[in-house]
Amino acid sequence: SGTVVAMLNVDDLDSGVNGQVQCVINENIPFAITSQSNSFFSLQTEQELDRETEVGYNISVVCTDEGVPALTSSVSLRVQISDVNDNAPVFEKIHYEAYVLENNTPGLSIFTVKASDADWNQNARVSYILEDSTVNGVSVSSYVSVHPDSGLITAVRSFDYEQLKYFHFLVKAQDGGSPPLSSNVTVKIIIQDQNDNAPQVLYPVQTGVSAVAEIVPRAADVGYLVTKVVAVDVDSGQNAWLSYKLQKATDRALFEVGLQNGEIRTVRQVTDKDAVKQKLTVVVEDNGQPSRTAVVSINVAVADSFPEVLSEFTDFTHEKQYDENLTFYLVLALAAVSFLFITCVVVIISVKIYRWRQSRFLYQSNLPVIPYYPPHYADTGVTGTLPHGYNYEVCMTTDSRKSDCKFSTLGGQNVLVVDPSFAETIQRTIKKNSSIDDLGSADS
């Protein structure tokens with residue numbers, strides 16, 4: 001206050017009282033006018049000015065002399081207030097909360113924080129900064145990011161409700177003044193649960209080989225507690241509400257399962273006709289959408305003595321293992337037979353094709369046929385000791401079934417021509433055999 005805004009020089013050509021001048025301004029403004037001398041007036045502030053309250057003022061100055069009648073003159077002044085960076089950004093809310101469904105896609109836009117600055121121009125330009133902090137020992141920047149201009153908060157990773165249910169961080173809004181002013185706001189991200197986990201059975205413990213789980217004496221009354229299925233779901237809310245249902249049983253009329261507590265009890269009195277081995281299958285289902293289930297198998301023995309139970313369930317286990325092994329070997333044998341059959345078919349087809357191609361090749365060949373005569377035989381006509389001569393023409397192919405044999409005659413007679421040397425040999429042999437026969441006759 002007291003800062004001089006303007007100086008006014010007022011002249012009145014009259015003299016004396018008629019030249020005395022008084023100046024006033026309009027009321028309800030934080031300004032005052034004072035007189036330094038008869039001709040000079042100063043316009044100054046009466047209090048601190050706030051541009052955010054009033055951007056400018058229109059001031060009317062009226063000067064009046066003291067003559068009779070008084071004469072006046074006026075002037076208007078426009079005073080504009082320049083901005084000073086005296087206001088920090090202000091967020092729309094004191095704190096923010098946002099809900100994000102778990103298993104979200106990285107890069108998901110969560111929501112936007114907004115801050116405003118009452119200053120003007122550059123002093124009112126707001127930028128958003130994610131304040132450094134840690135969430136479960138990890139920097140918050142690995143969970144979310146903030147756009148510096150718009151204030152949009154984006155998820156950097158996929159959230160898991162079972163590992164992190166919520167977290168906090170700070171966002172700073174800073175203006176562009178010099179020096180800059182800033183303010184912070186707390187943001188809380190709440191992770192919402194999805195039904196992404198199936199129920200887990202804690203009891204009875206499921207192992208690879210079925211074993212005796214519970215024993216029911218034959219004297220058990222109606223409502224006898226056989227066992228209790230204990231299961232949990234790591235989800236929350238209705239996603240973790242579990243119900244129990246009996247899916248299969250050796251004798252469904254003998255047992256029942258509590259819908260909410262999972263207790264397995266007898267429905268009727270146990271009789272001697274009931275089988276010793278009783279197998280129950282219980283389904284545990286949650287209340288999520290869609291629901292998820294878990295299946296538990298329970299072996300129950302209806303017997304009074306432990307040796308009887310042990311022998312029955314030992315045989316049952318062996319039979320199960322034997323059936324599994326038999327199935328495996330049957331499948332293996334079927335695969336081997338199928339492979340051998342396909343291999344044989346391929347080989348047979350390949351051989352057939354190969355033979356067909358060879359026969360076609362020889363059939364289409366134009367090579368001359370050279371006759372062949374066995375030794376000691378000559379194609380010279382009917383001579384020698386044998387009166388008949390024979391000539392055989394044989395045509396052979398790769399396939400014996402297609403062979404052709406032709407019988408021909410010479411001069412209308414059947415002739416077999418023999419080499420003379422070979423004929424003499426035959427005659428000597430005949431004579432020797434005749435001498436032996438004559439000698440044998442003389443002895444007799």
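Q: In which helix is the place of Val346?
A: This is a predicted model, in which local features need pLDDT of at least 70 and side-chain atom pairs count only at pLDDT 80 or more, while totals for chains, interfaces and linings use all residues. Residues are numbered from 1 along each chain as its sequence is written, and side-chain values use heavy atoms, with hydrogens and water left out. Helices (H or I, at least four residues) and strands (E, at least two) are DSSP runs numbered from the N terminus. Val346 has its place in residues 306-363, which is helix H1.

Q: Is Val346 buried, partly exposed or exposed?
A: Buried means under 20% relative accessible area, exposed over 50%, and partly exposed in between (1.4 Å probe, protein chains only). The relative accessible area of Val346 is 47%, so Val346 is partly exposed.

Q: What accessible area do Phe341, Ile342, Val345, Val346, Ile349 and Ile353 have together?
A: Patches take residues with over 30% relative accessible area and no salt bridge, joining like charges within 9 Å and nonpolar side chains (Val, Leu, Ile, Met, Phe, Trp, Tyr) within 5 Å. Areas come from the Shrake-Rupley method with a 1.4 Å probe; for residues, only the protein chains shown count as cover. These six residues form a nonpolar surface patch of about 550 Å².

Q: Which residues are linked with Arg51 in a network of salt bridges?
A: A salt bridge is a side-chain nitrogen of Lys or Arg within 4 Å of a carboxyl oxygen of Asp or Glu. Arg51, buried at 13% relative accessible area, meets Glu52, partly exposed at 26%, with 3.5 Å from N to O. The network links Arg51 with Glu52 and Asp83.

Q: How many residues apart are Lys245 and Glu285?
A: The side chains of Lys245 and Glu285 meet in a salt bridge of 3.5 Å, N to O. This pair links distant parts of the chain, with Lys245 in strand S22 (residues 242-249) and Glu285 in strand S25 (residues 277-286), and the separation is 40 residues.

Q: How far apart are the closest N and O atoms of Arg265 and Glu263?
A: Arg265 counts as partly exposed, at 28% relative accessibility. Arg265 forms a salt bridge with Glu263, and the closest N and O atoms are apart by 3.0 Å.

Q: Over residues 405-420, how many contacts beyond four places in sequence does the model have?
A: The mean pLDDT (the predictor's confidence in each residue, from 0 to 100) is 82 for the protein, and 75% of residues reach 70 or more. Over residues 405-420 pLDDT stays under 50. With contact meaning heavy atoms within 4.5 Å, the number beyond four places in sequence for this stretch is 45.
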